[in-house]
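My entries follow the order in which I looked.

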Amino acid sequence: MKIGGRHYRTIWLSDDGWSVEVIDQTKLPHRFETVALKSCEDAARAILTMQVRGAPLIGVTAAYGLCMALREDASDEAMDRAIEYLAKQRPTAINLRWALEEMRKAIRNLPRELRVEAAYKRAAELADEDAETCRLIGVHGLSLIKEIAARKKPGEPVNVLTHCNAGWLACVDWGTATSPIYQAHDAGIPVHVWVDETRPRNQGASLTAFELGSHGVPHTIVVDNAGGHLMQSGKVDICIVGTDRVTANGDVANKIGTYLKALAAKDNNVPFYVALPYSTIDWTLEDGRSIPIEERSADEVLKMPGRLPDGSVVTVEIAAPGSPAGNPAFDVTPARLVTGFITERGIAPATREGLLSLYPERKDA
Ligand code: MRU
């Protein structure tokens with residue numbers, strides 16, 4: 001997608017041919033900075049500190065982290081160690097482990113001297129595949145937005161509510177939840193997005209709003225608690241969110257607060273869709289109860305970064321001194337609250353059967 005008229009992906013190979021550059025998402029929206037990752041440790045730190053974040057992007061970053069580890073040592077032991085180390089940086093998004101397993105499959109049977117080249121090739125494929133997968137999610141999701149637009153008066157926008165950032169910054173390009181929105185906007189269909197600010201790290205206010213604004217998509221940032229009221233008032237036509245892990249029965253892990261939006265959507269008959277690539281499905285888990293939920297630092301709740309009028313960015317404390325804070329980063333929305341999945345293969349109900357109708361090859365897996 002474009003920033004200042006220039007096309008960017010969220011991760012790309014540097015001119016040296018082996019290190020990678022990423023957009024430092026901890027600096028957005030106040031500063032647009034890129035950072036070079038020159039080792040497996042750099043990649044792991046970028047994932048842990050959320051310089052890169054979002055399920056598909058952390059997978060691709062880890063894939064390149066593994067490439068850099070293999071440049072140092074391409075033995076089986078080193079490969080296994082690097083995969084474990086990268087995978088444990090964030091526990092909830094299955095794409096991280098999925099991408100590392102894809103890498104393992106591509107290199108494990110090769111002699112050592114061929115592994116580095118094969119690893120870089122597979123990492124580049126994973127990046128390209130993610131971009132194309134997200135584009136296709138948009139093609140399918142666009143049909144939902146078109147249906148709603150057809151029921152509206154000419155020029156009246158389709159109001160989409162989204163949570164967190166499941167945009168191109170969370171992926172390699174396009175985004176999952178945002179891809180249908182970008183494609184509708186580009187097709188001339190009026191869309192307006194309610195952007196949940198998404199406390200505590202404000203991925204909505206800082207990242208989704210930044211993306212949509214850069215692309216010229218009309219949007220309004222709202223506090224996380226506003227969604228229910230907006231739905232009751234008839235101001236939301238459809239919710240579209242991303243996900244970090246979908247289990248075999250269709251339960252959905254996503255950024256904390258997603259579940260409450262799904263409850264409000266159900267109560268108000270607002271369709272609630274989850275956009276995802278196949279790499280987000282964890283076929284090994286029967287339901288969402290066993291998804292590991294990342295618990296992050298209390299500081300993310302107790303402090304908040306922001307820009308002062310002089311342009312400097314500072315972090316301030318926002319809570320009563322001495323109070324402890326809890327910070328579960330994800331929640332699980334039961335499949336029964338999800339209207340459907342938007343995937344690169346089409347749209348299906350959020351059920352085991354719905355998933356298998358899209359991925360029939362998993363029936364015998
Ligand atoms: O903690 P984050 O910012 O990595 O969480 C990201 C989300 O919850 C996204 O909505 C999810 O990864 C889907 S990304 C296409």
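I began with the shell around the ligand, to which α2 (55-72) and β11 (252-255) each supply at least two residues; helices (H or I, at least four residues) and strands (E, at least two) are DSSP runs, numbered from the N terminus. The model is a predicted one, in which local features need pLDDT of at least 70 and side-chain atom pairs count only at pLDDT 80 or more, while totals for chains, interfaces and linings use all residues. Residues are numbered from 1 along each chain as its sequence is written, and side-chain values use heavy atoms, with hydrogens and water left out.

I then noted that 19 residues surround the ligand, the closest being R53, R90, Q203, D244 and K255, where near means that a heavy atom of the residue lies within 4 Å.

Next I looked for polar contacts (pairs of N or O atoms within 3.5 Å). A polar side-chain atom of K255 is 2.7 Å from an oxygen atom of the ligand, and an N or O atom in the side chain of R90 is 2.8 Å from a ligand oxygen.

Last, I checked the backbone and found that the peptide bond from L28 to P29 is cis, with omega near 5°, and that P29 sits in the loop between β4 (20-23) and β5 (34-37). Another cis peptide bond joins R199 and P200, with omega about 10°.

Definitions and conventions
Polar contact = N/O pair within 3.5 Å; in protein donor to acceptor, adjacent residues only side chain to side chain.
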